[in-house]
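The following exercises are to be worked with the sequence and the coordinates at hand. Each task is followed by a stepwise solution.

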Amino acid sequence: MILSNIRKLPATLALIAASWACCAGANADASAGDAVPNNDFRLGSYTVFYRASSDDLSGPYVPSGVNFHIDNLETLYIGYVRRLSAHFSAELAIGYPPLTKTYGAGPATLGSVPYNGQAISTARWLAPTGFLEYNFFAEDAVLRPFIGVGVNYTNFYDRRSTEAGDAASGGPTRIELPPSVGPAVTAGLAYRIAPRWHAYASYSASKVNTRLTAITGGVDRTSHIEFNPQVLVVSIGYAF
Amino acid sequence: MDNFFKAVVAAAAISLVSACGSSTTTSSVSSSTARGTLAVDPPLRIASLDAATFAAQLGATATGTELLALTNAPVCGVDFYYVKFWTVGGANETTESSGALMVPTGAAPSCSGPRPIVLYAHGTDTDKATNIADITNSSNTEGALIAAAFAAQGYIVVAPNYAGYDISTLGYHPYLNAVQNADEMTDILTAARTALPNTLSSATSDNGKLFITGYSEGGYVAMATQRALEAAGKTVTAAAPMSGPYALEAFGDTIFLGGVDLGATVFSPLLTTSYQHAYGNIYSATTDVFSSQYASGIATLLPSTMPIDTIFAEGLLPETALFDSTTPTVTVPGNAALSAELTAALAVPSNPADPFTPLFQLGFGTAYLINNDYRASYAINVVNFIDGADPAPLSPVGSPPTLATIPSAIPSPSLAPAFYLRQAFNTNDLRNPAWAPSAPTLLCGGDADPTVFFSVNTGTMAAFWSDLPQGLVSVLDINGTPATSAPLDAFAPLQVAFQASQAALLLYYQSAAGGGLSPAAAEAAVVQGTHTAEAPFCTVAARSFFSQF
């Protein structure tokens, strides 16, 4: 899953890599002394557990109990952490935008059209999360727990109704999912492998909610959806 | 800080790339409001039912089970589309309207590929929110009827909700306005033909055959549409108007002369409002026509979001009392004999030999809808401009059922105030202008119908067309003696079944389960439901008739 996503990584990753290479080199020249590196790039796995809940879809000609289900997924984690002081740091965390499938949940059929368990729509989302983190213990400790609070911004794009979704909705369907801004918290542990290399594990939760509008044949159906993802990140970071 | 900045730029770059991926297409909304334009293309499919699911849904209720027994089990599935289209109102105002496109689906050979279209017009509905496409609404019995009778048997069904209903912002309904009714039917047909290839059911297509039918108000609309399409040289394969008020002038005369039909207090404001919008001359104030008790707000009362029972309960309309039980004394200047004759004609009906007499008497009360002055004026107009279909002695027995000749403007103030209403009836009577169907036509109805009288409407049209080639226009009295000779003998089983169901209903109303009514009360209850009860039988007769072509 991660590998296939990496193969699909667009030029954006190359851009990150280029900035990393350039600056890591520049920093290496300047860090002959004991200065603590201020920057840390991390790559790893980003496992999303949805705690999604949504209102039943409401609108014209929608029977009661029409709802959704979203599968958990795994994607590539990219993180950048800036050291602010001996104990404080700022993190910008991004998961490579995953293709999220939404499945019908509720009646087995709508009329005679299969619904429950059908993949009805797909969307990608870019969800950068900024954290302010507090790191425990000394900077050269082998294990450093950290906790953080921050803000998540989620932008949904490539929103598509599948053929099964169109059939259930009653025609070609446009899906609107306005961006979400919400709080996020994290807690994790850093393990020092080498002076510049660390392994990290963290668990984050963020509040992501949006109002889904499905527009079919001039008719709007809506649902308030709370995704509230929890994210397990396992990563390796290089400080420079 | 350099590096932090670059990382942010990189993240922003991802965001920008992602912003380009946009959402998928949906229906397009037409910017044209020209007549017949499909407003939303493709239309919304409200429901898709396969044959088994539709059968199961109908079978879940008692009325649905009865309907299935009559229409036979669905052969095809049905996709129900909600069509929005542009049409015109009664004064040629541009308005959006809506309706149904029901498409047969499924593997049976009669359910896909090129199929005929049934253009259907529904009956009078006081519910402004009525949507015949919404099969998910259990009160949409007429939608279920036409889906079961036609769509599930392989006919594509196109049926408007009518301007003034559902999404239409017209503010009134052009009720029994022949020109508008035909225009709207033509417009939804055009829009539905545009829509069909773009739907999820595009495996079914239009084979070019067009059948036109409708019930009650819709029977009138169907006949007006047949006339307009044939006049325009368009294909009409066959038509089956059912239980419609076709001979509107003669029907109006019958009612004003005391033969008050069941539902008259609802039909009256629908008519005056429709013609006031179309012609602007029906009244200068609603009190010219209606008693002060009901006149206020009556011009915008119907159709309504309020249930009709609430409208009665709120005292906004009388339930049955169309006229004052203290009947008017008519004075025709200089003609004492005629004055006396009209005064007697307007008395509360009391002929014990007429089975409709108890029904007519319900049309009179102390809390009545229409003023005596107006009723008297209408009666004077009737005797000034005789309709050949009017009852004797106004029109001698055997008179040709010709329309009255009414001048375009009021010739004498003595004819006011009802002159222009009767003129509107004359204008919208389907004998005006004279025409005859060129496609085979079946007129189905029942002679015990208390709502749309059979003989003055269906009988008058049949007499009007009595010179046509044999077989072009057939009349089926679903309540009549079962036919024994072709072509009507094909419908004899339906006549037998209808009459058996009415007889069973009479017994039911007298049983404990049915309320234990007295024989007379049970009879009245059966009569009250007759107009509605005929509909499925005539509809199946129409299908049987169409299947020959």
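**Exercise 1.** Which domains does the domain assignment of chain B give?

Solution. The model is predicted, so local features need pLDDT of at least 70 and side-chain atom pairs count only at pLDDT 80 or more, while totals for chains, interfaces and linings use all residues. Residues are numbered from 1 along each chain as its sequence is written, and chains are lettered from A and ligands numbered from 1 in the order in which they are written.

Step 1. Chain B is assigned domain 1 (35-236), domain 2 (248-428) and domain 3 (434-549); such bounds come from an automatic or database domain assignment.

Step 2. Taken over C-alpha atoms, the centres of domain 1 and domain 2 of chain B are 33 Å apart.

Step 3. Contact requires C-beta atoms, placed from the backbone, within 7 Å. By this criterion, 17 residues of domain 1 of chain B meet 15 residues of domain 2 of chain B.

Step 4. On the domain 1 side of chain B, the residues touching domain 2 comprise eight nonpolar, six polar and three charged. Here Ala, Val, Leu, Ile, Met, Phe, Trp, Tyr, Cys and Pro count as nonpolar, Asp, Glu, Lys and Arg as charged, and the others, Gly among them, as polar.

**Exercise 2.** Identify the residues with the most contacts inside the largest nonpolar core.

Solution. Step 1. A nonpolar core joins buried Ala, Val, Leu, Ile, Met, Phe, Trp, Tyr and Cys residues through C-beta atoms within 7 Å. A residue is buried with 20 or more other C-beta atoms within 10 Å of its own, exposed with 12 or fewer, and partly exposed in between.

Step 2. The largest core has 157 residues, and B:Y81, B:V83, B:V157, B:V158 and B:A541 have the most contacts inside it. Its largest share, eleven residues, is supplied by helix α17 (residues 519-546) of chain B; helices (H or I, at least four residues) and strands (E, at least two) are DSSP runs, numbered from the N terminus.

Step 3. Beyond four places in sequence, the contacts of B:V157 include B:A100, B:M102, B:V118 and B:F150.

**Exercise 3.** Is A:N155 buried, exposed or partly exposed?

Solution. Step 1. Locate A:N155 in strand β11 (residues 143-161) of chain A.

Step 2. Because 19 other C-beta atoms lie within 10 Å, A:N155 is partly exposed.

Step 3. For context, 39% of the 240 residues of chain A count as buried, and the chain A secondary structure comes to three helices and 17 strands.

Technical notes: Two residues are in contact if their C-beta atoms, placed from the backbone, lie within 7 Å.
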